[in-house]
Amino acid sequence: MMMKMPLRVHLIAALLICYVLLICALEHEGGKGEELQSPEKDVGNSIKVRRNDTTANDGKPKAITPRKKVKKTGSKKASVGSRSDISCTKLGGICQPSRYICQGRYLKDKCSGAKTRQCCMPVGAWNILCAGHHNNRVRACDVHGCGAFNSRRVNGLHKAVDLVCDDYGIVNTPFSGSLAGPVSRKDPAGNQYDGVKLLNDVHCVKIFNIRPYRYIGPVSQGEALGYLLPLQDRFSGITSHLELQMCDGTDPSPFI
């Protein structure tokens with residue numbers, strides 16, 4: 001009987017210990033569950049806050065107009081640049097860097113972009129002046145001199161180009177522009193040469209030894225301008241020609 005009592009006591013003690021451990025384990029698991037649930041609550045709260053922020057911002061206009069303005073400004077600049085090249089292309093030229101070789105002549109301030117981009121006018125950009133001729137043929141040397149630009153004359157260098165024409169032959173307008181009145185000049189011997197001035201936004205020329213049909217008004221390229229005056233009565237043996245002179249004294253050869 002005495003042996004059974006300690007066994008019962010030990011059994012009861014063991015059951016109590018197991019019960020206590022079970023309760024501690026359950027409390028520990030419950031604490032972990034609360035810790036796991038609390039971050040989810042925080043995430044839910046943050047999501048709600050973000051949603052509230054987005055809904056609040058949706059009611060306000062977004063500042064994106066400056067970006068659109070920059071794009072529009074750039075497109076306008078590009079369109080202006082392309083329009084400025086028309087000043088060159090309408091004359092038959094090509095805008096290119098001035099370091100490139102131009103077979104004709106460069107014109108400034110006719111192209112967009114940097115100043116190094118200039119308008120290259122091709123050779124023979126003007127119309128044939130003398131009707132019945134296939135090209136603008138420069139007068140060769142005869143007993144009265146030569147017709148090329150900078151050829152030697154008695155009074156210095158010839159700052160014009162003489163183009164071979166037929167006496168009383170039709171003279172055509174080399175380029176479109178406006179007639180700006182009559183012109184005349186005298187040589188050292190006192191011989192007078194009459195003609196007309198023709199100009200546009202790019203070119204200005206004086207055409208001598210012709211009788212124009214009119215002295216003022218607009219004219220188109222290739223239009224009949226007048227007729228050639230003969231020179232044989234004053235200069236026997238001279239080749240009949242007109243005299244083409246740039247208003248600024250430069251060489252017109254690249255254009256003819």
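How far apart are the sulfur atoms of C95 and C111 in their disulfide? They are 2.1 Å apart. The model is predicted.

**Disulfides**

A search of the whole structure finds 6 disulfides. With bonded cysteines counted along the chain, the pattern reads 1-5, 2-4, 3-6, 7-10, 8-9, 11-12.

| Pair | S-S distance | S-S torsion | Hand |
|---|---|---|---|
| C88 and C119 | 2.0 Å | about 80° | right-handed |
| C95 and C111 | 2.1 Å | -90° | left-handed |
| C204 and C247 | 2.1 Å | about -65° | left-handed |

Take C95 and C111. C95 sits in strand β1 (residues 94-97), and C111 sits in the loop between β2 (105-107) and β3, so the link ties parts 16 residues apart in sequence. C95 is buried, at 16% relative accessible area. C111 is also buried, at 13%.

Next, C204 and C247. C204 belongs to strand β10 (residues 204-208), while C247 lies in the segment after β14 (241-246), so this pair joins parts 43 residues apart in sequence. C247 is partly exposed, with a relative accessible area of 31%.

C88 and C119 form a disulfide. Helix α3 (residues 86-89) holds C88 and strand β3 (residues 117-121) holds C119, so the bond ties parts 31 residues apart in sequence. Both cysteines are buried.

**The open sheet**

Three strands form an open sheet in the order β7-β13-β11, with antiparallel pairing. β7 (170-172) and β11 (210-212) are the edges; each has a single partner strand, so one side of each lacks a neighbour in the sheet. The twist averages 40° from one strand to the next. β11 is joined to β13 (residues 224-228) by 3 bridges. R211 has Y227 of β13 as its bridge partner.

Terms used
Residues numbered from 1 in each chain as written. Predicted model: local features only at pLDDT ≥ 70, side-chain atom pairs only at ≥ 80, totals over all residues. Heavy atoms only, no water. Pairing = 2+ DSSP bridges. Helix = DSSP H or I, 4+ residues; strand = E, 2+ residues; numbered from the N terminus. Axes fitted to C-alpha atoms, helices over the stretch in contact; angles between N-to-C directions. Disulfide = S-S within 2.5 Å. Buried < 20%, exposed > 50% of the residue type's maximum accessible area, 1.4 Å probe, protein only.
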